[in-house]
Amino acid sequence: MSKAPPLRLGVNIDHIATLRNARGGRHPDPLRAAFAAIEAGADGITAHLREDRRHIRDADMQRLKAEISKPLNFEMAATDDMVRIALGVKPHAVCLVPERREELTTEGGLDVVGQHNALAPVIARFTDAGIRTSLFIAADPAQIEMAARLKSPAIEIHTGAWCDAVNDGDMAKADAEWQRVVAGAALARSAGLEVHAGHGLDYATAETIAALPEIVELNIGFYMIGEALFVGLGETIRTMRAAMERGRARAVAA
Ligand SMILES: CC(=O)[C@@H](O)[C@H](O)COP(=O)(O)O
Ligand SMILES: NCC(=O)COP(=O)(O)O
């Protein structure tokens, strides 16, 4: 038995941009939120440039890359246009996600099994450019095994179904989804993938998942931006980090 590796917190600032865009001006500025998040202890900044530009915009990505002192994780659909933009921005990492214009948020994981022929050259292009790819997938063994075969350096397990079940109080479903996350994290790590997780996490679910030693990064946004309205972004991030540290203290690496 040994100590679990450190757990990074990537703060997703998309919904600062949602608020900014509501009035069409510059306030609140996602870059200012990124600075505040880093000041409060974020290990990186995550932002999702959607095809419909509903929140983060191209100029936000350029400014984030130019100005922040921590790694930028660029979430995107694997389209030709978006690959071109990301290669121009040169973030530390990209996370390839599925996208549908009509969805309220990212509803499911990327179908890596169905799209492996299209994804392979995209991952290779980012690897050649020195950009780490992560695939945002459900904790499904077939998807995880394909991510490893595609030589993606990392995956991000979509925790939305688990978090939704917890929030709905459907404990049978929550337990089943949690077991999938636990098994998926172990399988991914044993297949050589770096394992991240995110979507819908709050203080309680982040504390729970932090106990999985295979997971080295959590990306969290919506809940924290909502909490920040009441207690401020710095206080929210410090509370989240404390929750993650409590959970991590229970983790024991094999
Ligand atoms: C892929 C993902 O989980 C994040 O991008 C997060 O969902 C925030 O963006 P949306 O709310 O627009 O999906
Ligand atoms: N990839 C997940 C992410 O970046 C944040 O998701 P959420 O906390 O905004 O649901």
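**Around the ligand**

Modeller: Happy to! By class, the residues around ligand 1 comprise two nonpolar, seven polar and three charged ones. Keep in mind that this is a predicted model.

Colleague: Which charged residues are in the shell around ligand 1?

Modeller: The shell includes Asn12, His48, Val97 and Phe136. Asp, Glu, Lys and Arg count as charged, and the shell has three charged residues. Picking these out of the shell gives Asp14, Arg50 and Glu75.

Colleague: Which residues does UniProt list for "binding site"?

Modeller: The UniProt entry here is an unreviewed one. For "binding site", that entry lists Asp14, His15, Arg50, His55 and Thr105.

Colleague: What is the largest C-alpha distance among them?

Modeller: These residues are spread over 92 residues of sequence. Even so, they cluster in space, with a largest C-alpha distance of 12.3 Å.

Colleague: Is Asp14 buried or exposed?

Modeller: Asp14 sits in helix α1, which covers residues 14-23. Inside 10 Å it has 21 C-beta neighbours. A residue with 20 or more counts as buried, so Asp14 is buried.

Colleague: And His15: which residues does it touch, not counting residues up to four places away in sequence?

Modeller: His15 is also placed in helix α1, and His15 is buried because 21 other C-beta atoms lie within 10 Å. Leaving out residues up to four places away in sequence, His15 touches His55, Gly221, Phe222 and Ile225.

Terms used:
Residues are numbered from 1 along each chain as its sequence is written. Chains are lettered from A and ligands numbered from 1 in the order in which they are written. This is a predicted model: local features need pLDDT of at least 70, side-chain atom pairs count only at pLDDT 80 or more; totals for chains, interfaces and linings use all residues. A residue is near a molecule or strand if its C-beta atom, placed from the backbone, lies within 6 Å of it. UniProt positions are given in the numbering used here, feature names are shortened, and annotations may be inferred rather than shown by experiment. Helices (H or I, at least four residues) and strands (E, at least two) are DSSP runs, numbered from the N terminus. A residue is buried if 20 or more other C-beta atoms lie within 10 Å of its own, exposed if 12 or fewer, and partly exposed in between; C-beta atoms are placed from the backbone. Two residues are in contact if their C-beta atoms, placed from the backbone, lie within 7 Å.
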